[in-house]
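Thanks for coming. I will take one structure today and go through it piece by piece. Please have the picture open while I talk.

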Amino acid sequence: MSNPNLLEVEDLSVSFRTDRGWVRAVDSVNLHVAPGETLAIVGESGSGKSVTALSILRLLGDSGQVDRGRILFDGSDLLELDDAGIRKIRGDRIAMIFQEPMSSLNPVLTIGKQVAEPIQLHRGLPWSVALEHATELLKKVAIPDAEHRLGDYPHLFSGGMRQRVMIAMALACDPRLIIADEPTTALDVTVQAQILALLKDLTRETNSALILITHDLGVVARYADRVAVMYGGRIVESAPAGELYSNPQHPYTRGLMNSIPGLDGSPQSRLITIEGQPPDLANLPPGCAFAPRCPHASNVCHDQKPALEQIAEHHLRACHGYE
Amino acid sequence: MAMNEIESDSLLQVEDLKVHFPVTEGVLGRKQVATVKAVDGVSFSLRSGETFSLVGESGCGKSTTALSVMRMLTPTAGRIAFAGEDITRHTPAMMRPIRRQIQMVYQDPFSSLNPRMKIADIIGEPLVVHGMARDKTFYRKQVAELMDLVGLLPNMADRYPHEFSGGQRQRVGIARALALRPRLIVCDEPVSALDVSIQAQIINLFMDLQQELGLTYLFIAHDISVVRHMSDRVAVMYLGKIVEMADRDALFDSPRHPYTQALLSAVPVADPAIESHRPQQLIVGEVPSVRNPPSGCRFHPRCVQAMAHCSQTAPELEANQQGHLTSCHLYASVEGQ
C-alpha cells in the first residue's frame, strides 16, 4: 500500500532534564502531513507544540531526549539517523522557520552568504552559482532590489524583510517539508498577512508540506487545512480546519474558541473563559491534563488519561466524553 | 474642531500633541542630524468612564502618546489636560498628586514586576510611596482588598513573581495600578503577552473593574479583535498621526481610511467559513521609517487608492456628519466644502 503521507510522527514522547527532574514535554503524539498540505499545531505556552517541531529536526539540544516513538519521513525513521544523516535532511529536505527573525540570522554574515550557504553545502554547487540561486530566491520572496542587497548585513533589514530572508533560506534547497514555528508573531499584522500568504503560495507551488505552529486561531482559520490542538504535551483534538471550527469536540478546543473576542461577535459582552491556569508540566495530574479546568470533568477524567480516538471521519478527540 | 473648548465630561484632553526626538551624531552625540517625529499633531479626548483605544502598528506613536499622557515624556508641543488641569509642563513634584489618578498597566508581566519583592509588597508599594499606608493594619487590609478585587487568593500574598503564571502576574500589575484608586488607567498592550485562554480572563477583569470602579481606560493595542471587544471609541494611528477616529461600531463596520480598511482586512478571523470568502486586501510594503516619513499623506506609498496630490499635501482630520473623523483626500474633496 502506498503511503500518501510525507511525514508520520508515531507515539512520540520527549522529556527535558530540569531542576525538578525529568519533565515530559511531549507525550504520545501522533501526527501526519501529506505533500501540499498545511497542518497547524495549535496550543498555548508549554503545550508541547514547539518541542514536537524541534524533535522532528532532532534539535532538542543536550537537555532534551526522545523517550520513545518514530518519526517517519519519506519512509525512513529520522530518529534512527546518525548526525551526518540528519544534517543531510536538515535545511535540505526539511527546513525550519523560527519565530524571531532578529535572532535567527547571523548578524556578522551577509544575507547573500547566509542564503547561498545551504545551497552550496547541500547541492555542492560552485559559490557563484549558489549566489545566483540566492538572488533568485530573494526575488521570489519579494525583497526589493535583491541583487544589490546580497552584501548587506541583517541589521539593515526590517523585521518583515528578515523573515522573508528566513523564508528564502528555508526554500533554498526545495524542501519537501517546511516547519514554521510562530513565523509571524513578532511582526505587524499587515506584514504578517503578506508573509503568510507568501509562505502558503510557495508551498502550494512546490507541493511541499507545511507545518504551521501557532497560538493564533485566526491565522489557523485562514491558512490551515488541518489542525492538531495540543494541551499539556498531548494532542487533545485534531480535525480538518473547517470541521474543527464549526464542530469543536474537546472541551479545551471549545473553551479556546469561546475565549477569542471575534470580529463578528458582540462587543463588550463577557467572554466565556477557561478558568484556572495552564498546567505545570512537572506536576501534571494523573488523568486528563485539562480535567482541573474542565467544566465537564468527572471521576474518570481525574484518574485516567483519555486516548486520542476517532469520533468522525478525520476527526479525533482525546476525551472521556461528556453530555 | 474648536481646540480650546473644554468639554465638561472629558477627563483627559490631548491637543495637537507633538513628541519629537533628536537624532544625534558625533562624539558625545552633540550634533543633531535629524528629528524623529514620533507623535506629530495628535488630538483626542477621553470622556469619564469610557474606553478609548489607540491602535496601529510598530512606530505609529501609540506608546509614545501613552507615555506623554503619563508624563514620563515631556511633549515637544501641544497640550495635555487632566481633569481640566494643564499638565503639559508639570514638574515631577507637581505630577505627584496627578500620578495617583493616572496609573499604568504594562505589557510584559514578566519584566515589569520586581523579582525580589513579595506580591503583597509589589501591590502595596504605591500606597507607601504616596504616604497612604497609614498603619500596618490599614495597609494589610488595603492590599488584601486589592488582591481580592483582581482575583488573587489571600495565600498568594507572600509569594514571589516567579511563582506565578503570566495571567496571575498581570493581575498583580493591575492590582498595583489600582492601589491609589486612580481615575484613568493607561494600558499599554496589557494582554498581548498572554495565552489566549488567559487573555480572556484579563479582558473580563478589565471590564468588570471598569463597571465596579468607574474607571476610564486609555487602551493601547495592536490586536484588533481585543480592541473591538473593549473599546467605546477608537483612533487608528499611522506614523505619528491619527488617520481615523470614530465610535467603535462606526469604525469597525464602515472603516473609511484605506489604511484602516487594510488593517482590518489583514486580521484573520477565527472562522474558516468566513475566511474562505473574505476579500483580502493585502497592502504592499512595510511601515516606512518614522525618521524619514513620506511626503503628503504618510500612507500614500502603500495606498491602493492614492491620487496625484496625496504625495504633496497632507490631508486634515475631518469629521463627517456623524462625527466620524478621517484624514484622507478621498473624503476631503467631497465633504470639505
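One definition before the strands come up: two strands count as paired if DSSP finds at least two bridges between them. And one caution: this is a predicted model.

With that definition, take strand E6 of chain A, residues 94-97. E6(A) and E7(A) pair in the parallel sense, over four bridges. If you want a residue to look at there, Ala95(A) stands opposite Ile178(A) in E7(A).

What does E7(A) join to through five bridges? The partner is strand E8 of chain A, residues 209-214, and these two strands also run parallel. Here Ile179(A) has Ile211(A) in E8(A) as its bridge partner. Together with helix H6 of chain A, the strands E7(A) and E8(A) form a β-α-β unit, and this unit is right-handed.

By the same cut-off, Ile89(A) is buried because 22 other C-beta atoms lie within 10 Å. Ile89(A) belongs to helix H2 of chain A, residues 83-89. Setting aside neighbours within four places in sequence, its contacts are Phe73(A), Leu78(A) and Ile94(A). Between Ile89(A) and Pro175(A) there are 86 residues of sequence separation, yet the C-alpha to C-alpha distance is 9.0 Å.

Next, the domains of chain A. The domain assignment gives domain 1 as 7-93 + 173-317 and domain 2 as 101-172. Taken over C-alpha atoms, the centres of the two domains are separated by 29 Å. Where they meet, 14 residues of domain 1 are in contact with 15 residues of domain 2. On the domain 1 side, H6(A) supplies the largest share, five residues. By class, that side has 11 nonpolar, one polar and two charged residues.

Then the two chains. How many residues of chain A are in contact with chain B? The count is 38 residues of chain A, against 35 residues of chain B. Four helices of chain A each supply at least two residues to that side: H6 (189-206), H7 (217-223), H8 (241-246) and H9 (251-259). H6(A) gives the most, with seven residues. The class count for the side of chain A that touches chain B is 17 nonpolar, 16 polar and five charged residues.

Last, a sheet in chain B. It is an open sheet of four strands, in the order E2-E1-E4-E5, with antiparallel pairing. E2(B), residues 31-47, and E5(B), residues 85-86, are the edge strands, each pairing on one side only. E1(B), residues 10-25, pairs with E2(B) over 13 bridges in the antiparallel sense. Within that pair, Pro22(B) stands opposite Thr35(B) in E2(B). Helix H1 of chain B, residues 62-69, lies across E1, E2 and E4 of chain B, and runs at about 115° to E1(B).

Terms used
Residues numbered from 1 in each chain as written. Chains lettered and ligands numbered in written order. Predicted model: local features only at pLDDT ≥ 70, side-chain atom pairs only at ≥ 80, totals over all residues. Contact = placed C-beta atoms within 7 Å. Nonpolar A, V, L, I, M, F, W, Y, C, P; charged D, E, K, R; others polar. Right-handed = clockwise from strand over helix to strand, strands pointing away. Axes fitted to C-alpha atoms, helices over the stretch in contact; angles between N-to-C directions. Domains from an automatic or database assignment. Buried ≥ 20, exposed ≤ 12 C-beta atoms within 10 Å, placed from the backbone.
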